[in-house]
Amino acid sequence: MLQATIKLCCGIAHDHLCRLPGLKITAVAAIQKDMRGLVEQGTCHLPSKIPHYIPRLVGTETAMGPEPAGDVSPSRTSSMDLSYITQGERALQRALSILQHHTSWQAEMMLDAGATVSSTALPGLGKVFRAEVVLAVPVALLHQELFERIEQMPQWNPTLSRVKVLQRIGTDTLVTHEVTAPSPGNLVGQRDFVSVRHRGRRDTTVYLVGTTTHAEPLPLQEGCIRAESRLSCIVLQPLAGDPSRTRFTWLLSMDLKGWIPTSVINRILPQSQADFIKHLCQHLSATTCP
């Protein structure tokens, strides 16, 4: 059984199959079950032909060895990790559905160099804002800044005071804690977010999604209101005929909590997207940005 599921997971591990999250999750769960059985039988080493990335797929690599006294059990750790992966995959599929099937977008604002922000209302998400722009930066560089170097984001984005990666699950899923900076005039007080961030790929396109998680809540931060990211999805797609440029699309739906008039929220969120893009371009000023 283990060999069969390993072969299945090896196939799923290819990036172009990220569109099948349910199959990936099922395979990971099956491998977890088989490996736990080996651990319980006293088998501390798996066959040498198993690819090196399998330990990362199932959670922590320590789950394949004996459980140290006093540590969290492998089964509990793997179950929690699988929950985060599932949340990330579901957020990705929801974003893909919106991008592929929803067309009734209303213009919100026009930014410099042709960048636009539009919006629509969707069941379960409320108002969703979509920012679109072409950036004179390759996908790989944007991908690195927005996912691999996410903790450095407050260095170039003044709307954030802190971003902390609480947990890394495999290579494509993060649990993060973000704290906003005080806003001018304190129009909206500081907020913090606990989110699952997940990376997916389709061919040459990279998807960076985020959604609020309640799997392991962080204690409330003094002076902050705990807000929720219902859905965030940044799509990085090489421009046809010019891979040095990227078509940047960003879906955003948030619940800022607290007593904020809807009119204020509808102004703040698209403006925050515009400001984010501006600060990102300034940070990458060595490369021409709009």
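Rings of Phe, Tyr and Trp pair if their centres lie within 6.5 Å, with the six-membered ring used for Trp. In this predicted model, W156, W250 and F276 form one aromatic cluster. F276 is also among the residues with the most contacts inside the largest nonpolar core.

**Aromatic pairs**
- Two aromatic pairs turn up in a search of the whole structure.
- In one of them, the ring centres of W250 and F276 are 5.0 Å apart.
- Their planes stand at 55 degrees, so this pair is tilted.
- The pair links distant parts of the chain, 26 residues apart.
- W250 sits in strand β10 (residues 242-255), and F276 in helix α6 (residues 262-283).

**Burial**
- Buried means under 20% relative accessible area.
- W250 has 8% relative accessibility, so W250 counts as buried.
- F276 has 8% relative accessibility, so F276 is buried too.

**The largest nonpolar core**
- This core has 39 residues.
- L135, L146, L236, F248, F276 and L280 have the most contacts inside it.
- At least two core residues come from each of β3 (126-135), α5 (139-148), β4 (160-169), β7 (205-212), β9 (228-239), β10 and α6.
- Helix α6 supplies the largest share, seven residues.
- Another core, of 15 residues, lies apart from it, and includes I98, W105, L122 and Y207.

**Contacts of L236**
- Leaving out residues up to four places away in sequence, L236 touches V139, L142, H143, T204, T205, V206, L208, T246, R247 and F248.
- One of these, F248, is like L236 among the residues with the most contacts inside the largest core.

Conventions:
Residues numbered from 1 in each chain as written. Predicted model: local features only at pLDDT ≥ 70, side-chain atom pairs only at ≥ 80, totals over all residues. Heavy atoms only, no water. Phe/Tyr/Trp six-rings, centres within 6.5 Å; stacked < 30°, edge-to-face > 60°. Helix = DSSP H or I, 4+ residues; strand = E, 2+ residues; numbered from the N terminus. Buried < 20%, exposed > 50% of the residue type's maximum accessible area, 1.4 Å probe, protein only. Core = buried A, V, L, I, M, F, W, Y, C linked by side-chain atoms within 4.5 Å. Contact = heavy atoms within 4.5 Å.
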